[in-house]
Amino acid sequence: MTVVLIRTENERDYDQVYKVNYAAFGNREDEAKLVERIRATPYFVPQLSLVAELDGEIVGHLLLSRAEIVNGTECHEVIVLAPIAVKPAHQKHGIGRQLIQEGLERCRQLGYYVVLLIGHPSYYPKFGFKPARPLGLELKQFEVPDDVFMVCELKDNELLHIQGELIYPVAFFG
Ligand SMILES: CC(C)(COP(=O)(O)OP(=O)(O)OC[C@H]1O[C@@H](n2cnc3c(N)ncnc32)[C@H](O)[C@@H]1OP(=O)(O)O)[C@@H](O)C(=O)NCCC(=O)NCCS
């Protein structure tokens, strides 16, 4: 495992964060641009944009941002995880794990107890994520298989009173 410094992103990091996302996602800029669009909205929570620093270099980035679960006239504020990126040369050394653990801890501290994502079903369960649809949550904006739409409850029984459709903010749609 490579121990890294996990800290809040600041404006001076933006170039390096772009490059981390660009490289991690196979030299495409979709996710790097997604980060830029989310930063420009009220759904951005600065303390939940985290970088992993190693010897002064940014080698990883995690963005958690606000979204809503809507059920008729009820609306619950939740957090969505996307994207997470570790530079290819540093992958599989526990850096993603350190980013996610610190990110979830910060959500808890800020009083956000429900975190959702669309992601790899073999990666996220180790952090407490479970398929979301059997727990009463719906996703219609993206057509994805049941096992990739996941939720993590950071407080016992939090989902007992939160049901409905997850709505990703418009920033997610280019
Ligand atoms: C996904 C990603 C962020 C993981 O970061 P990482 O630093 O390589 O992950 P870690 O080393 O912390 O891995 C943690 C665990 O997940 C496992 N793991 C890592 N990548 C995995 C993958 N793609 N699929 C399944 N399991 C994976 C590791 O074996 C490790 O398991 P362990 O702790 O039980 O040994 C990184 O591989 C990456 O940037 N990938 C490209 C971008 C991407 O696909 N992002 C996710 C979609 S938003």
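**View 1. Arg97 and its contacts in this predicted model.** Leaving aside neighbours within four places in sequence, Arg97 is in contact with Tyr123, Lys126 and Phe127, where contact means heavy atoms within 4.5 Å. Arg97 belongs to helix H3; helices (H or I, at least four residues) and strands (E, at least two) are DSSP runs, numbered from the N terminus. Although 29 residues separate Arg97 from Lys126 in sequence, their C-alpha atoms are 9.4 Å apart in space. Why does Arg97 count as partly exposed? Arg97 counts as partly exposed because its relative accessibility is 34%; the class lies between buried (under 20% relative accessible area) and exposed (over 50%), with a 1.4 Å probe and protein chains only. This is a predicted model, in which local features need pLDDT of at least 70 and side-chain atom pairs count only at pLDDT 80 or more, while totals for chains, interfaces and linings use all residues. Residues are numbered from 1 along each chain as its sequence is written, and side-chain values use heavy atoms, with hydrogens and water left out.

**View 2. The shell of residues around the ligand.** The ligand is surrounded by 16 residues, and the closest are Val86, Lys92, Gly94, Gly96 and Arg97; a residue is near a molecule or strand if one of its heavy atoms lies within 4 Å of it. Strand E4 (74–86) and helix H3 (95–110) each contribute at least two residues to this shell. By class, the shell has eight nonpolar, five polar and three charged residues. In this classification Ala, Val, Leu, Ile, Met, Phe, Trp, Tyr, Cys and Pro count as nonpolar, Asp, Glu, Lys and Arg as charged, and the others, Gly among them, as polar.

View 3. A polar backbone atom of His93 is 3.2 Å from an oxygen atom of the ligand. For Gly94, the distance from a backbone N or O atom to a ligand oxygen is 2.7 Å, and for Ile95 it is 3.4 Å. Of the 900 Å² of accessible area that the ligand has on its own, the protein covers 68%; accessible areas come from the Shrake-Rupley method with a 1.4 Å probe, and for residues, only the protein chains shown count as cover.

**View 4. His76 in strand E4.** His76 has its place in strand E4. Is His76 buried or exposed? With 18% relative accessibility, His76 counts as buried. A polar atom of its side chain lies 3.4 Å from the backbone oxygen of His161. Leaving aside neighbours within four places in sequence, the residues in contact with His76 are Ala67, Glu68, Ile69, His161 and Ile162.

View 5. Asn27 is not a glycine, yet its phi is positive, at about 60 degrees. Asn27 sits in the loop between helix H1 (14–24) and helix H2 (30–39) and is exposed, with a relative accessible area of 53%. Asp55, likewise not a glycine, has a positive phi of about 50 degrees. The loop between strand E2 (44–54) and strand E3 (57–71) contains Asp55, which is exposed at a relative accessible area of 79%.

Terms used: A polar contact is a pair of N or O atoms within 3.5 Å; within protein, one must be able to donate a hydrogen and the other to accept it, and residues adjacent in sequence count only if both atoms are side-chain atoms.
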